[in-house]
Amino acid sequence: MRDAGSAARRRAAIRSAATLLASGLLALAAAPAAAQEAERDPDAVTGSLTLGVGAGPDYEGSNDYQVLPAPGFRVNWRGYGAFSQGPALYLDLLPQAELLGGPLVGYRFGRDDVDDGRVDALPDVDGAIELGAFLGFSLPLGEDPRERFSAILSYSRDISGAHDGFLISGSLSSGFVLARPLGLTLGTSLTYASENYQDTYFGVSSAGAAASGLRAYDPSGGLKDASLRASLSYSLSPSWSLGPTVIYKRLLEDAADSPLVEEAGSADQFIGSLSTTWRF
């Protein structure tokens with residue numbers, strides 16, 4: 001009986017030790033996760049800052065190219081946010097993580113001192129300040145924050161008197177992780193432009209035709225362009241990444257038929273950049 005009692009006590013001691021060991025291992029395994037959760041302050045400001053250099057057309061429709069800066073940023077706080085796309089600033093005032101929406105303000109570069117002498121003989125076009133709004137959504141596709149599908153519809157109107165027109169644009173983008181350090185984002189967009197916009201950037205008056213040698217042209221409003229975008233991002237560390245972006249834009253309809261494009265430029269537009277991003 002004493003042997004049976006000793007064996008029972010030994011089994012109980014082993015079970016207790018095993019339970020303590022398992023509890024300890026579970027606590028150790030949970031500690032990093034708990035620490036990460038503690039680090040994820042829901043009230044913290046997060047985002048990214050991008051700096052880069054690129055090349056783009058001398059004017060919209062040109063086949064001459066110039067070097068351009070390629071900055072960008074994104075800031076998020078309590079579901080609200082702000083981000084840039086080119087020279088436009090978007091303010092996301094919808095607190096839901098999946099929804100995007102709010103006002104936008106942008107700057108559109110003018111046209112002066114361009115390489116093509118015929119286009120340079122046309123009247124200069126001032127830079128435009130545009131104000132508008134956007135609405136869209138962004139859905140996660142995986143655990144990695146780079147894996148997201150987004151759709152945005154935007155409207156912007158000139159408020160500076162440069163072209164007195166408006167534009168409507170729709171875009172889709174999707175992010176993928178090709179390998180753990182390497183990510184790929186693909187996107188597409190379509191833009192409609194009003195008659196005033198088309199006339200300012202693609203029209204040629206009778207006086208302009210006489211001065212430049214280009215034929216007179218009076219475009220109508222309609223689809224202006226369609227584009228494809230591809231961005232590669234290589235993670236150098238949890239905070240830093242580096243990669244190129246390539247955009248192909250095809251001018252459409254009356255924009256493509258303009259003598260600024262058909263005779264002096266090209267309907268095929270390319271934009272490329274190389275940039276580094278810091279995430280905080």
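Predicted model: local features only at pLDDT ≥ 70, side-chain atom pairs only at ≥ 80, totals over all residues.
## Overall make-up

The protein contains 6 helices and 13 strands. Of its 280 residues, 35% are buried. Among contacts with a separation of 6 or more, 59% are between residues 24 or more positions apart. The exposed surface comes to about 16,000 Å², and 62% of it is supplied by carbon and sulfur atoms.

## Salt bridges around Glu60

There are 10 salt bridges in the structure. Side chains of opposite charge can pair when their charged atoms come close. A network of salt bridges links Glu60, Lys224, Asp225 and Lys249.

Lys249 is buried, as is Glu60.

## The Arg146 and Asp144 pair

Another salt bridge joins the side chains of Arg146 and Asp144, at 3.1 Å from N to O. Are these two residues buried or exposed? Arg146 has a relative accessibility of 18% and therefore counts as buried. Asp144 also counts as buried, because its relative accessibility is 12%. The cut-off for buried is under 20% relative accessible area.

## Asp58, a buried charge without a salt bridge

Asp58 is buried but has no salt bridge. Which side chain of opposite charge is nearest to Asp58, and how far away is that side chain? The nearest one is Arg111, at 9.0 Å. A salt bridge requires a side-chain nitrogen of Lys or Arg within 4 Å of a carboxyl oxygen of Asp or Glu.

The side chain of Asp58 instead reaches a backbone atom, the nitrogen of Asp115, at 2.7 Å. Apart from neighbours within four places in sequence, Asp58 is in contact with Asp64, Tyr65, Gln66, Val114 and Asp115.

With a relative accessible area of 14%, Ser231 is buried. Not counting residues up to four places away in sequence, Ser231 touches Gly183, Leu184, Thr185, Pro244 and Thr245. Two of these partners can be described further. The side chains of Ser231 and Thr245 are joined by a polar contact of 2.9 Å. Gly183 is 48 residues from Ser231 along the chain, and their C-alpha atoms are separated by 8.2 Å.

Thr191 is part of strand β10 (residues 182-193). Its relative accessible area is 9%, so Thr191 is buried. When neighbours within four places in sequence are left aside, Thr191 is in contact with Leu167, Ile168, Ser169, Gly222, Leu223, Lys224 and Asp225. Lys224 and Asp225 are also members of the salt-bridge network described above.

## The buried face of helix α3

Helix α3 spans residues 195-202, and its buried residues are Tyr197, Gln198, Thr200, Tyr201 and Phe202. These buried residues line one face of the helix, because they fall within an arc of 165° when seen down the axis of α3. An α-helix has 3.6 residues a turn, so residues three or four places apart point the same way.

## Positive phi angles

Asp113 is a residue other than glycine with a positive phi, near 50°. Asp113 is in the loop between β6 (99-108) and α2 (117-120). Asp113 counts as exposed because its relative accessible area is 65%.

Asp164 likewise has a positive phi, near 55°, and is not glycine. Asp164 sits in the loop between β8 (148-158) and β9 (166-179). With 45% relative accessibility, Asp164 counts as partly exposed.

Technical notes
Residues numbered from 1 in each chain as written. Heavy atoms only, no water. Buried < 20%, exposed > 50% of the residue type's maximum accessible area, 1.4 Å probe, protein only. Helix = DSSP H or I, 4+ residues; strand = E, 2+ residues; numbered from the N terminus. Contact = heavy atoms within 4.5 Å. Areas by Shrake-Rupley, 256 points an atom, 1.4 Å probe, with all protein chains shown as cover. Polar contact = N/O pair within 3.5 Å; in protein donor to acceptor, adjacent residues only side chain to side chain. Lys, Arg positive; Asp, Glu negative; His and termini not counted. Arc of directions from axis to C-beta.
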